[in-house]
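Biologist: Could you walk me through this one? I have not looked at it before.

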Amino acid sequence: MSIIANKITRFYGAQKALDDVSFEIKKGEIAAFIGPNGAGKSTMMKIITGYLPASQGEVSVCGMSSGPEAIELRRLIGYLPENNPLYPEMYIREYLGYVADIYKMGKGKNKAVDTVIDQTGLGPEQRKKIGALSKGYRQRVGLAQALIHNPEVLILDEATTGLDPNQIIEIRNLISGVGKEKTVMLSTHIMQEVEAICSKIIVIDHGKIVADGTRETISSIVEDKREAVAVEFNRPVEEKLLLSISGASSVINEGNNNYIIISDGESDIRPSVFDFAVKNGLTVLSLLKKEGSLEDIFRKLTAR
């Protein structure tokens, strides 16, 4: 149960939306597919699900070639597109039953509808028309239709759009749970979401893959190798005095007695900071090794 993209290129007229894109997502992996707007994320997802053909290259899902004619393959995929098209005049249960009929679920339809309503937290609203729902609940309906046939592969384009913080946590937990037994590809602009649930990160920019690996692997590619620490003292300290700390190369004053001290190499300078504080009669209120955030890494990889 994997997704394999091999040298995918896609043109819209003369415009190249995807340029020789290759990657693999294995069973049990929740892969974040991230990039700026217009980078080619939704186009790639549409090719995987068979809604669009590739101009060049091939995609296989669970060992089967994807494409507009691969009807059987679509039974293995649950897809939540970015715009989440729904029928506003239909009731939630009516709509989910309709989707179950499309997948020819037969006698198992009612149980599947009950299960997915419970999974996605739609119970309190289940007898409402879709058009009467908030954006967050409409997003849950979209996720429910992607899950109702218990697919082996989930393709989720902005799955938590419009959800409040509590709903986001619930849906993240749901994705994490189903991701243990499925292959999940998740497009999102929420870096906290990537940090929370994704075991693999694929970064795309201008139609090209610019990074592919774990959080640690990608970090090692782009981060400055110099160490940095965030320190809070009990009173202000002159920056030129902080530069006297052994191994310090630069200092950033963040205000309120907080400073970022950057070393001149890869050595840990926290012991030197403590020695400096003792020597100068300072109290260290906090001292933390500072790591680049995923947002910082994303900006470095996709700077235009």
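This is a predicted model: local features need pLDDT of at least 70, side-chain atom pairs count only at pLDDT 80 or more; totals for chains, interfaces and linings use all residues.

Biologist: Ok, how many bridges join S3 to S8, and do the two run parallel or antiparallel?

Modeller: Three bridges join S3 to S8, which covers residues 183-187, and the two strands run parallel. S3 also pairs with strand S9 (residues 200-205), again in the parallel sense, over four bridges, and there the bridge partner of Ala32 is Ile201.

Biologist: Which way do the residues of S3 point?

Modeller: Ile30, Ala32 and Ile34 point one way from S3, while Ala31 and Phe33 point the other way, and all are buried. Strand S3, residues 30-34, is therefore mostly covered, with five of its five residues buried.

Biologist: Switching to the open sheet, what is the order of its strands?

Modeller: The open sheet has four strands in the order S2-S1-S4-S5, with antiparallel pairing. Its edge strands are S2 (15-25) and S5 (64-65), each of which pairs on one side only.

Biologist: And how many bridges join S1 to S2?

Modeller: Seven bridges join S1 to S2, and these strands run antiparallel, with Ile8 standing opposite Val21 in S2. The two strands form a hairpin with two residues between them, and Gly13 in the turn has a positive phi of about 65°.

Biologist: What actually holds strands together in a sheet?

Modeller: In general, the strands of a sheet pair through backbone hydrogen bonds, and the pairing is either parallel or antiparallel.

Biologist: On to helices. How many residues of H5 are buried?

Modeller: Of the 13 residues of H5, 11 are buried, so the helix is largely enclosed by the rest of the structure. The buried residues include Gly136, Tyr137, Arg140 and Leu147, and what covers the buried residues of H5 includes S6, H3, helix H4 (109-119), strand S7 (153-157) and helix H6 (165-179).

Biologist: What should its length be, given 1.5 Å a residue?

Modeller: At 1.5 Å a residue, the 13 residues of helix H5 (residues 135-147) should span 18 Å, and its end C-alpha atoms are 19 Å apart, which agrees.

Biologist: Now the largest pocket: what volume does it have, and which residues lie nearest its centre?

Modeller: The volume of the largest pocket is about 660 Å³. It is lined by 22 residues, and those nearest its centre are Tyr51, Val99, Ile102, Tyr103 and Gln145. The lining residues divide into 14 nonpolar, four polar and four charged.

Biologist: Which elements each supply at least two residues of that lining?

Modeller: Helix H1 (41-49), helix H2 (71-74), strand S6 (77-80) and helix H3 (92-102) each supply at least two residues of the lining of the largest pocket.

Biologist: Last one: is Ile297 buried or exposed?

Modeller: Ile297, which is found in helix H11 (residues 294-302), has a relative accessible area of 2%, so this residue is buried, since buried means under 20%. The C-alpha atoms of Ile297 and Val284 are separated by 29 Å, and the two residues are 13 residues apart along the chain.

Terms used: Residues are numbered from 1 along each chain as its sequence is written. Side-chain values use heavy atoms; hydrogens and water are left out. On a 1 Å grid over the protein atoms alone, a cavity is a set of points where a 1.4 Å probe fits but cannot get out, and a pocket is an open set with protein on both sides within 12 Å along at least five of seven lines; lining residues have an atom within 4 Å of a point. Grid points are joined across faces, edges and corners, and a volume is the space filled by probe spheres set on the points. Ala, Val, Leu, Ile, Met, Phe, Trp, Tyr, Cys and Pro count as nonpolar, Asp, Glu, Lys and Arg as charged, and the others, Gly among them, as polar. The expected span of a helix is 1.5 Å times one less than its number of residues. Buried means under 20% relative accessible area, exposed over 50%, partly exposed in between (1.4 Å probe, protein chains only). Contact means heavy atoms within 4.5 Å. Two strands pair if DSSP finds at least two bridges between them.
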